[in-house]
Amino acid sequence: MLMSHPADFTPVCTTELGYVASIRSEFDHRRVKVISLSVDTLEAHDRWARDIEDTHGFLLNYPLIADPEARIARLYDMIHPNEDSTLTVRSVFIIGADKRIKATMTYPLNTGRNFDEILRLIDSLQLTEDFDVATPVNWRPGEDVIIAPTLSDAHARQKFPEGWTMVKPYIRIVHQPVRDA
Ligand code: BEZ
(Lines give C-alpha, C1' and ligand atoms only; values in the text may rest on other atoms or scores of the structure.)
Protein backbone atom coordinates (compact mmCIF):
# COMPACT_ATOMS: atom_id res chain seq x y z
CA MET A 1 0.00 0.00 0.00
CA LEU A 2 1.40 3.33 -1.07
CA MET A 3 -0.34 6.33 0.44
CA SER A 4 0.28 10.05 0.31
CA HIS A 5 -0.25 12.68 3.00
CA PRO A 6 -0.69 16.39 2.30
CA ALA A 7 2.17 17.60 4.51
CA ASP A 8 4.16 17.01 7.70
CA PHE A 9 2.95 18.55 10.96
CA THR A 10 -0.70 18.64 9.92
CA PRO A 11 -3.37 17.32 12.26
CA VAL A 12 -5.35 14.86 10.15
CA CYS A 13 -2.19 13.34 8.64
CA THR A 14 -0.76 12.86 12.12
CA THR A 15 -3.82 10.84 13.13
CA GLU A 16 -3.60 8.77 9.93
CA LEU A 17 0.10 7.94 10.32
CA GLY A 18 -0.32 7.20 14.03
CA TYR A 19 -3.29 4.93 13.40
CA VAL A 20 -1.55 3.02 10.62
CA ALA A 21 1.48 2.55 12.92
CA SER A 22 -0.86 1.17 15.59
CA ILE A 23 -2.37 -1.42 13.20
CA ARG A 24 0.91 -2.34 11.47
CA SER A 25 0.46 -5.98 12.58
CA GLU A 26 -2.81 -6.12 10.58
CA PHE A 27 -0.86 -5.29 7.41
CA ASP A 28 1.91 -7.77 8.33
CA HIS A 29 -0.70 -10.48 8.88
CA ARG A 30 -1.97 -9.86 5.31
CA ARG A 31 1.63 -9.73 3.98
CA VAL A 32 1.12 -6.15 2.89
CA LYS A 33 3.97 -3.65 3.05
CA VAL A 34 3.05 -0.09 3.89
CA ILE A 35 4.88 2.92 2.48
CA SER A 36 3.78 6.52 2.75
CA LEU A 37 4.82 9.76 1.16
CA SER A 38 4.75 13.38 2.20
CA VAL A 39 6.12 16.36 0.27
CA ASP A 40 8.55 17.34 3.01
CA THR A 41 12.19 16.70 3.87
CA LEU A 42 13.71 13.73 5.66
CA GLU A 43 14.70 16.03 8.51
CA ALA A 44 11.07 17.19 8.88
CA HIS A 45 9.91 13.55 8.75
CA ASP A 46 12.28 12.67 11.63
CA ARG A 47 10.89 15.48 13.79
CA TRP A 48 7.29 14.66 12.83
CA ALA A 49 7.83 10.98 13.68
CA ARG A 50 8.57 12.08 17.26
CA ASP A 51 5.24 13.96 17.36
CA ILE A 52 3.44 10.90 16.01
CA GLU A 53 4.94 8.80 18.77
CA ASP A 54 4.02 11.47 21.36
CA THR A 55 0.42 11.69 20.21
CA HIS A 56 -0.30 8.04 19.37
CA GLY A 57 2.24 6.07 21.37
CA PHE A 58 3.57 4.29 18.29
CA LEU A 59 6.87 4.74 16.52
CA LEU A 60 6.54 5.34 12.80
CA ASN A 61 7.14 1.68 11.94
CA TYR A 62 6.98 1.91 8.13
CA PRO A 63 8.83 4.07 5.59
CA LEU A 64 7.76 7.66 4.92
CA ILE A 65 9.18 8.86 1.60
CA ALA A 66 10.64 12.38 1.64
CA ASP A 67 9.50 14.06 -1.55
CA PRO A 68 10.17 17.78 -0.90
CA GLU A 69 10.15 18.67 -4.58
CA ALA A 70 7.00 16.59 -5.17
CA ARG A 71 8.71 14.65 -7.93
CA ILE A 72 7.13 11.31 -6.99
CA ALA A 73 3.86 13.00 -6.08
CA ARG A 74 3.59 14.48 -9.57
CA LEU A 75 4.56 11.20 -11.25
CA TYR A 76 1.76 9.41 -9.42
CA ASP A 77 -0.75 12.21 -9.95
CA MET A 78 -1.10 12.89 -6.23
CA ILE A 79 -1.38 16.66 -6.68
CA HIS A 80 -4.81 17.86 -7.74
CA PRO A 81 -4.59 21.61 -8.46
CA ASN A 82 -8.30 22.17 -7.83
CA GLU A 83 -7.66 21.03 -4.26
CA ASP A 84 -4.23 22.57 -3.68
CA SER A 85 -1.40 23.35 -6.09
CA THR A 86 1.43 22.05 -3.88
CA LEU A 87 0.05 19.62 -1.28
CA THR A 88 -0.73 16.04 -2.24
CA VAL A 89 -4.26 14.79 -1.80
CA ARG A 90 -4.81 11.62 0.24
CA SER A 91 -4.05 8.99 -2.40
CA VAL A 92 -3.97 5.26 -1.74
CA PHE A 93 -2.60 2.69 -4.17
CA ILE A 94 -3.00 -0.99 -3.38
CA ILE A 95 -0.36 -2.74 -5.49
CA GLY A 96 -0.37 -6.48 -6.04
CA ALA A 97 2.56 -8.89 -5.83
CA ASP A 98 2.53 -8.75 -9.65
CA LYS A 99 3.28 -4.97 -9.32
CA ARG A 100 -0.06 -4.07 -10.84
CA ILE A 101 -2.36 -1.54 -9.21
CA LYS A 102 -5.39 -3.37 -7.80
CA ALA A 103 -7.27 -0.45 -6.28
CA THR A 104 -6.93 3.28 -5.77
CA MET A 105 -8.65 5.77 -3.50
CA THR A 106 -8.44 9.53 -3.40
CA TYR A 107 -9.64 11.52 -0.42
CA PRO A 108 -9.59 15.30 -0.09
CA LEU A 109 -7.35 17.23 2.30
CA ASN A 110 -9.97 17.72 4.98
CA THR A 111 -11.16 14.11 5.27
CA GLY A 112 -9.04 11.47 6.95
CA ARG A 113 -9.20 8.00 5.45
CA ASN A 114 -10.80 4.95 7.06
CA PHE A 115 -7.98 2.41 7.30
CA ASP A 116 -10.33 -0.27 8.60
CA GLU A 117 -12.09 0.01 5.23
CA ILE A 118 -8.72 -0.24 3.49
CA LEU A 119 -7.99 -3.50 5.38
CA ARG A 120 -11.42 -4.77 4.33
CA LEU A 121 -10.61 -3.85 0.74
CA ILE A 122 -7.30 -5.76 0.97
CA ASP A 123 -9.17 -8.78 2.38
CA SER A 124 -11.57 -8.67 -0.56
CA LEU A 125 -8.75 -8.22 -3.10
CA GLN A 126 -6.83 -11.19 -1.69
CA LEU A 127 -9.91 -13.41 -1.51
CA THR A 128 -11.13 -12.58 -5.01
CA GLU A 129 -7.62 -13.11 -6.39
CA ASP A 130 -7.58 -16.65 -4.98
CA PHE A 131 -11.15 -17.72 -5.76
CA ASP A 132 -13.77 -17.05 -8.46
CA VAL A 133 -15.87 -14.91 -6.16
CA ALA A 134 -16.86 -11.29 -5.66
CA THR A 135 -17.70 -9.65 -2.34
CA PRO A 136 -21.08 -7.93 -1.96
CA VAL A 137 -21.91 -4.57 -0.45
CA ASN A 138 -20.52 -4.04 3.05
CA TRP A 139 -19.06 -7.55 3.08
CA ARG A 140 -16.95 -8.44 6.09
CA PRO A 141 -14.44 -11.33 6.18
CA GLY A 142 -16.24 -14.57 6.97
CA GLU A 143 -19.54 -13.51 5.43
CA ASP A 144 -21.09 -15.09 2.34
CA VAL A 145 -19.79 -14.07 -1.08
CA ILE A 146 -21.05 -14.10 -4.66
CA ILE A 147 -19.83 -16.47 -7.35
CA ALA A 148 -18.06 -14.34 -9.96
CA PRO A 149 -20.50 -13.45 -12.73
CA THR A 150 -17.80 -14.41 -15.24
CA LEU A 151 -18.04 -18.06 -14.14
CA SER A 152 -20.61 -20.11 -16.04
CA ASP A 153 -22.96 -22.39 -14.07
CA ALA A 154 -21.09 -25.41 -15.50
CA HIS A 155 -17.75 -24.13 -14.22
CA ALA A 156 -19.31 -22.97 -10.96
CA ARG A 157 -20.54 -26.54 -10.33
CA GLN A 158 -16.92 -27.74 -10.57
CA LYS A 159 -15.56 -25.01 -8.30
CA PHE A 160 -18.43 -25.03 -5.82
CA PRO A 161 -19.62 -28.68 -5.79
CA GLU A 162 -21.64 -28.07 -2.62
CA GLY A 163 -23.87 -25.77 -4.69
CA TRP A 164 -25.10 -22.24 -4.07
CA THR A 165 -28.14 -20.24 -3.20
CA MET A 166 -29.56 -18.64 -6.31
CA VAL A 167 -31.20 -15.30 -5.53
CA LYS A 168 -31.38 -14.51 -9.26
CA PRO A 169 -29.60 -16.44 -12.02
CA TYR A 170 -26.86 -13.79 -11.83
CA ILE A 171 -26.73 -13.66 -7.98
CA ARG A 172 -25.29 -16.96 -6.77
CA ILE A 173 -24.38 -16.94 -3.08
CA VAL A 174 -21.83 -19.27 -1.43
CA HIS A 175 -20.07 -19.44 1.91
CA GLN A 176 -16.78 -17.62 1.83
CA PRO A 177 -14.00 -19.99 0.74
CA VAL A 178 -11.10 -20.10 3.17
CA ARG A 179 -7.66 -19.04 2.02
CA ASP A 180 -4.56 -21.02 2.97
CA ALA A 181 -2.74 -19.51 5.93
C1 BEZ B 1 -4.32 17.70 7.74
O2 BEZ B 1 -3.70 16.67 7.51
O3 BEZ B 1 -4.75 17.97 8.85
C4 BEZ B 1 -4.57 18.69 6.67
C5 BEZ B 1 -3.57 18.95 5.73
C6 BEZ B 1 -3.80 19.88 4.73
C7 BEZ B 1 -5.02 20.53 4.65
C8 BEZ B 1 -6.02 20.23 5.57
C9 BEZ B 1 -5.78 19.31 6.58
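An open sheet of 5 strands has mixed pairing and the order S3-S2-S1-S4-S5; strands pair here if DSSP finds at least two bridges between them. The model is a predicted one, in which local features need pLDDT of at least 70 and side-chain atom pairs count only at pLDDT 80 or more, while totals for chains, interfaces and linings use all residues. Residues are numbered from 1 along each chain as its sequence is written, and side-chain values use heavy atoms, with hydrogens and water left out. Strands (E, at least two residues) and helices (H or I, at least four) are DSSP runs numbered from the N terminus.

At the edges of the sheet are strand S3 (64-66) and S5, each of which pairs on one side only. On average, neighbouring strands are turned by 20° against each other, direction ignored. Strand S1 (residues 2-5) and S2 run parallel and are joined by 4 bridges. In this pair, serine 4 stands opposite leucine 37 in S2. Helix H3 packs on the sheet and touches S2 and S3, and its direction makes about 145° with that of S3. Such angles run from 0 to 180 degrees between N-to-C directions, with axes fitted to C-alpha atoms, for helices over the stretch in contact.

In soluble globular proteins, nonpolar side chains tend to be buried together. A nonpolar core is a set of buried Ala, Val, Leu, Ile, Met, Phe, Trp, Tyr and Cys residues joined through side-chain atoms within 4.5 Å. Buried means under 20% relative accessible area, exposed over 50%, and partly exposed in between, with a 1.4 Å probe and protein chains only. The largest nonpolar core has 24 residues, of which Met1, Phe27, Tyr62 and Ile118 touch the most other members. At least two residues of this core come from each of helix H1 (11-22), helix H3 (42-56), strand S4 (90-95), strand S5 (101-107) and helix H5 (115-130). Another core, of 9 residues, lies apart from it and includes Leu127, Val145, Ala156 and Phe160.

Leaving aside neighbours within four places in sequence, tyrosine 62 is in contact (heavy atoms within 4.5 Å) with Met3, Glu16, Leu17, Val20, Ala21, Arg24, Val34 and Ser36.

Two loop residues remain. Most residues other than glycine have a negative phi. Arginine 31, in the loop between helix H2 (24-29) and strand S2 (35-38), has a positive phi near 55°. Arginine 31 counts as exposed, at 71% relative accessibility. Asparagine 138 lies in the loop between strand S6 (133-134) and strand S7 (145-147). Its phi is positive, near 55°, and asparagine 138 is exposed, with a relative accessible area of 62%.
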